[in-house]
Number of protein chains: 4
Amino acid sequence: RQPLLLVAGPCVLESEAQALSHARRVKELAARHGLPVIFKASFDKANRSSVASFRGVGLEAGLAIFEAVKRETGLACLTDVHEPWQAEPCGKVVDVLQVPAFLCRQTDLVMACARHGRAVNVKKGQFLAPREMRHAVRKCREAGNPNVFLTERGACFGYGNLVVDMRGLAQLRELGVPVCFDATHSVQLPGAGGDVTGGERQYVAPLARAAAAAGIDALFMEVHEDPATAKSDGPNSLDFAQADRVLADVLAIRRALGQR
Amino acid sequence: RQPLLLVAGPCVLESEAQALSHARRVKELAARHGLPVIFKASFDKANRSSVASFRGVGLEAGLAIFEAVKRETGLACLTDVHEPWQAEPCGKVVDVLQVPAFLCRQTDLVMACARHGRAVNVKKGQFLAPREMRHAVRKCREAGNPNVFLTERGACFGYGNLVVDMRGLAQLRELGVPVCFDATHSVQLPGAGGDVTGGERQYVAPLARAAAAAGIDALFMEVHEDPATAKSDGPNSLDFAQADRVLADVLAIRRALGQR
Amino acid sequence: RQPLLLVAGPCVLESEAQALSHARRVKELAARHGLPVIFKASFDKANRSSVASFRGVGLEAGLAIFEAVKRETGLACLTDVHEPWQAEPCGKVVDVLQVPAFLCRQTDLVMACARHGRAVNVKKGQFLAPREMRHAVRKCREAGNPNVFLTERGACFGYGNLVVDMRGLAQLRELGVPVCFDATHSVQLPGAGGDVTGGERQYVAPLARAAAAAGIDALFMEVHEDPATAKSDGPNSLDFAQADRVLADVLAIRRALGQR
Amino acid sequence: RQPLLLVAGPCVLESEAQALSHARRVKELAARHGLPVIFKASFDKANRSSVASFRGVGLEAGLAIFEAVKRETGLACLTDVHEPWQAEPCGKVVDVLQVPAFLCRQTDLVMACARHGRAVNVKKGQFLAPREMRHAVRKCREAGNPNVFLTERGACFGYGNLVVDMRGLAQLRELGVPVCFDATHSVQLPGAGGDVTGGERQYVAPLARAAAAAGIDALFMEVHEDPATAKSDGPNSLDFAQADRVLADVLAIRRALGQR
């Protein structure tokens, strides 16, 4: 069996210095636990609630930062792509192209990522039953790329709340692809923070442990050196000490179940 | 008070002949009830569940068809836009640019439509509380276009089901914009049709009546001369006789409430 | 077709004077609109959130009050029953025995009400699909009483919120029984009021209009001379002027649809 | 820290022989894993969907069976109580009185169980936010019995489906009481089985593991020697071999987290 894959990083690229500093700590975190790791960050927050919120450094500057991260740390990188034309330039630099949850039904985007990414991570839409993700997997395969994994990040539960259905992790795995659990976006409270998305950081740990016990192949967590000052998703991000404790518990659970 | 605006047409453009034939019948339908009307159709179904489903005629052919519709019938036209770059060419031909529900949080798309459309219709995401749509309205205004309306098309209710929250129509109106009710997409059953989206046509009429009674400014319905052979959304589309009866009831309700 | 049946009254019996005063106004309200009417009130709020909340006058005192109401006003009366043994004494006084929504699956209670009531109103559980109410209807019939109607009062929508699915009114009617819409409990926000249930009175009117347009046989509303001082369910109760306006709109809609 | 408490047994008492046979196997199961255990069974299924379904042996015969179980096996017993008057006779025989989920808001029932039970287990209503269960705890304490624990068994998720919100386990624990996870009722599909409640037994194991990892004090599972012939809840019950494997994993997870 494969060891757990860690996907971690700040929500958004704020600067090269910030990215490098975070990437080095992500690398240390993974090394401490003996895990393969991918550094994640967004160059553009294309679906912020409010037009006034920080969007990110943009595509060109973002790719330059990812090149620096790869050169300085050797880490594989993942970023999310919002329009089909972005897949080609992103695919030249980063290793995994990610389709955002709201966009998981956009056929052209999924297929463009499949054509230009080494691997594709499709986040499950908050509006979709787990088994419906079979279509996203099929779209990637039709585009010639079988190297796809799926990420759970919560399902709509009334207004302004998400619930993680642990049955869904098993249902996603039945689609024949690795399954990742996004522990930090799953605790978002959309709309609860006024003009920004709220979050309940205190539930990242129990949800990550629960998902590990239910069965996952990868764990996705947004980490920030100082979540209180993060330019996006602070309320649901962990600091590195918190991420370290979550990982320790997750790995203890996996070992108890005969996994790595 | 304004009369009800009717937005009607087939789900997808299948050919020029089909579009013209449907547009003429949509025009007749509106004239029979004395309503202002916009012809709606999609040039591309960019988020079909299955990669094997019919996508549409494409942007270029689609715009040529809309030009023919406008020339032959004089109808105003609406189409949905899936990527920001499409807003400019579409805005040169059609009168209303529509942001699909899954894409209602994509800032660049909303703003591109606002910049290039005479009016913008933003569909409320199935994953959003009604009041969260204030951000979409604000994004349009920031882009310089106050001519925006919002469309309700159901909210996620567990897996594979949508529910229309009639309170939401009032909440959308409190945002200070006209509110449209999409009676045919609201009866979709996502995933219930195997590899296509299912639908319960029999609930279009009661939901349209209910929404009219709760309070709306526009009514959106997909109509098809033969829903059984429609290339998209057949299970939730109405034929013209059904649409006529729905409209008659909706208008009787509006008159009873002192509206037109 | 039958005229609309009005079911109205205060949430809870507070005293004989309060009951008589409210019953007279309920009678006037119905007479003004030419409607058959049933006076509703509870002798016991058996499922208050908090143990500290007012429970009501109790069974014995409550039945004495209902006798006074019937004698003084001639109104038919409805009350809710919480345990099977209460059905017999209640059935000797009131005309309709009501099964509360949380208790709609309790076989003995449903059947006891059927055996001892002239008619039975089973409220649909917030946790049940409309069609599942067929079992409650069948239980009443098995107990020998086909005189049953069903009441919609909202379905669970995440935590602390209810949504009215207007499709459900049609689905309940397909069970072959009259269908009532409870417009005031449908706007409750369970848990939103701290230790009491909150409510959004402003949505009673649009929901009542919507339900009337979708199709109902009876309308249930809690009315209070002064909702702000009501001992239960004040936040979602209407005063008599508000109830009058809701009824006027509801009846205008029904007439527009060829109903009474 | 306390060891995990196991609550296990068949859904319904079918006969003394069946109860004794199941109780002995439950005792063995717990002993094999070194766990304290309570034998659970119902004397009456008071809320079966269909009036035609098996109800159980009844109160009197049921209590005689529990006496036999206690005498023959020494096990502590738990049963669910449906009306307040049943609390006293049940409390004379069984050790834990359980309030069913649909009835968790019935004040008299909760308080009667508190007065007559050594301990009370209140199941969280499918319609309630976890934190709302504070009222049930307070009602027990007001009745003089602080020995109460709460059980999660899923929350309404649209129609005909339940979802377990793992955040809720932490929220229930914050109320200061032990928290139990009911792994078998949580996989029910209400209404999916035609006239009986359906269930997805295959998700008992991942949900039980997930709940153990999130954090629980007790685990509730319905076990049957032959679920296919069980007179109630067969589709979601485990056989003893399955229950044994679930427990082994659950306990491995607990040990990995420093628990017993």
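Chain A of this predicted model contains eight helices and 12 strands, where helices (H or I, at least four residues) and strands (E, at least two) are DSSP runs numbered from the N terminus. The radius of gyration of chain A, taken over C-alpha atoms, is 17 Å, close to the 18 Å that the globule rule gives for 260 residues, so chain A is as compact as a globular protein of that length. The globule rule is 2.2 Å times the number of residues to the power 0.38. Along its principal axes, the C-alpha trace of chain A spans about 45 × 40 × 40 Å.

Residues are numbered from 1 along each chain as its sequence is written, and chains are lettered from A and ligands numbered from 1 in the order in which they are written. Local features need pLDDT of at least 70, side-chain atom pairs count only at pLDDT 80 or more, and totals for chains, interfaces and linings use all residues, while side-chain values use heavy atoms, with hydrogens and water left out.

**Relation of chains B and C**

The same surface serves both copies, as 100% of the contact residues of chain C recur in chain B.

**The interface**

| Property of the contact between chain C and chain B | Value |
|---|---|
| Contact residues (heavy atoms within 4.5 Å) | 28 residues from chain C and 28 residues from chain B |
| Salt bridges (side-chain nitrogen of Lys or Arg within 4 Å of a carboxyl oxygen of Asp or Glu) | two salt bridges |

C:Phe157, C:Arg167 and C:Tyr203 supply 29% of the area that chain C buries against chain B, more than any other three residues. B:Arg167 forms a salt bridge with C:Glu200, with the closest N and O atoms 3.8 Å apart.

On the side of chain C that touches chain B, at least two residues each come from strand S7 (155-156), strand S8 (162-163), helix H6 (166-173), helix H7 (204-214) and helix H8 (240-256). H7(C) gives the largest share, six residues.

Conventions:
Buried area is the accessible area (1.4 Å probe) that two parts lose on being put together, summed over both.
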